[in-house]
Amino acid sequence: MARGKKVFSEEDKVLIKRKLKDECMAFWISLGYKETSIGAFCKKTEISTGTFYNLYSSKEELFFEVLYDIQEAIYGDFIKRIEQCPEKSGFETAILELYYEYESKPFLYDVKTTDFTSFYSKLSEEMKEKLTFDSSDLFRTAIKRANLKLKVSEKLAFSTFTVLLSSIASKDEISKNCDHFAAFQFMTKQLVASIFE
């Protein structure tokens, strides 16, 4: 007797997608996008290739969904942390937590690698548009939720924090000569004290 095609409930599909997303993030950190195959996902999550294609049209769609979800979660958590402690110390803590998130997921900030550009080039314009994030709007929202007032122009404050966060991309090089995180922590504390009333 021929075996029929396995039918998954909506709940099964949600669970399988969750597993695939978890594995995708792990593979992205350890191997990168280019070195990760659909076969590797299927083997790790114990599903067939057909099941994978029932859930995602391509490997890129899965990677996109993971990146989008992470980006949304990180920025949502950033605002929540500030709301829990709406003052300078809360803003400082939220920036440090943002650092930890980015540091643990290099694909979030190291976007000039061949691996990331290869992934990005395969995305549709609609997907690229969805990934474009207005960080200045996030910064404005954070300041408002923290009930803080700027001592400097918004443009200078935003630029300063952007430069601070962009230092994560060169942390490996910097860490050869100093403690990058200790420096980041010190600069964050100084900036928060200098930029806000």
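1. Glu97 is partly exposed, at a relative accessible area of 27%; here buried means under 20% relative accessible area, exposed over 50%, and partly exposed in between, with a 1.4 Å probe and protein chains only. Its partner in a salt bridge is Arg81, with the closest N and O atoms 3.9 Å apart. A salt bridge is taken as a side-chain nitrogen of Lys or Arg within 4 Å of a carboxyl oxygen of Asp or Glu. The pair joins distant parts of the chain, Glu97 being in helix α5 and Arg81 in helix α4, 16 residues apart. Arg81 has 23% relative accessibility and counts as partly exposed.

2. A quick word on the basis: this is a predicted model, where local features need pLDDT of at least 70 and side-chain atom pairs count only at pLDDT 80 or more, while totals for chains, interfaces and linings use all residues. Residues are numbered from 1 along each chain as its sequence is written, and side-chain values use heavy atoms, with hydrogens and water left out.

3. Next, have a look at Lys21, which forms a salt bridge with Asp69, the closest N and O atoms being 2.6 Å apart. This pair also links distant parts of the chain, from helix α1 to helix α4, 48 residues apart. Lys21 counts as buried at 13% relative accessibility, whereas Asp69 is partly exposed at 30%. Together with Glu65, these two residues make up a network of salt bridges.

4. Within helix α1 (residues 10-30), Asp22 and Arg18 are 4 residues apart, so about one helical turn separates them. Helices here are DSSP runs (H or I, at least four residues), numbered from the N terminus. The two residues form a salt bridge, with the closest N and O atoms 3.0 Å apart. Asp22 is partly exposed at 39%, and Arg18 is partly exposed at 43%. In total, the salt-bridge rule gives 14.

5. Finally, the largest pocket has a volume of about 800 Å³. A pocket is an open set of points on a 1 Å grid over the protein atoms alone, where a 1.4 Å probe fits, with protein on both sides within 12 Å along at least five of seven lines; lining residues have an atom within 4 Å of a point. The lining has 28 residues, and Tyr75, Tyr102, Leu108, Phe133 and Ser135 lie nearest the centre. Elements giving two or more residues to this lining include α4 (59-84) and α5 (88-104).

Technical notes: Points joined across faces, edges and corners; volume = space filled by probe spheres on them.
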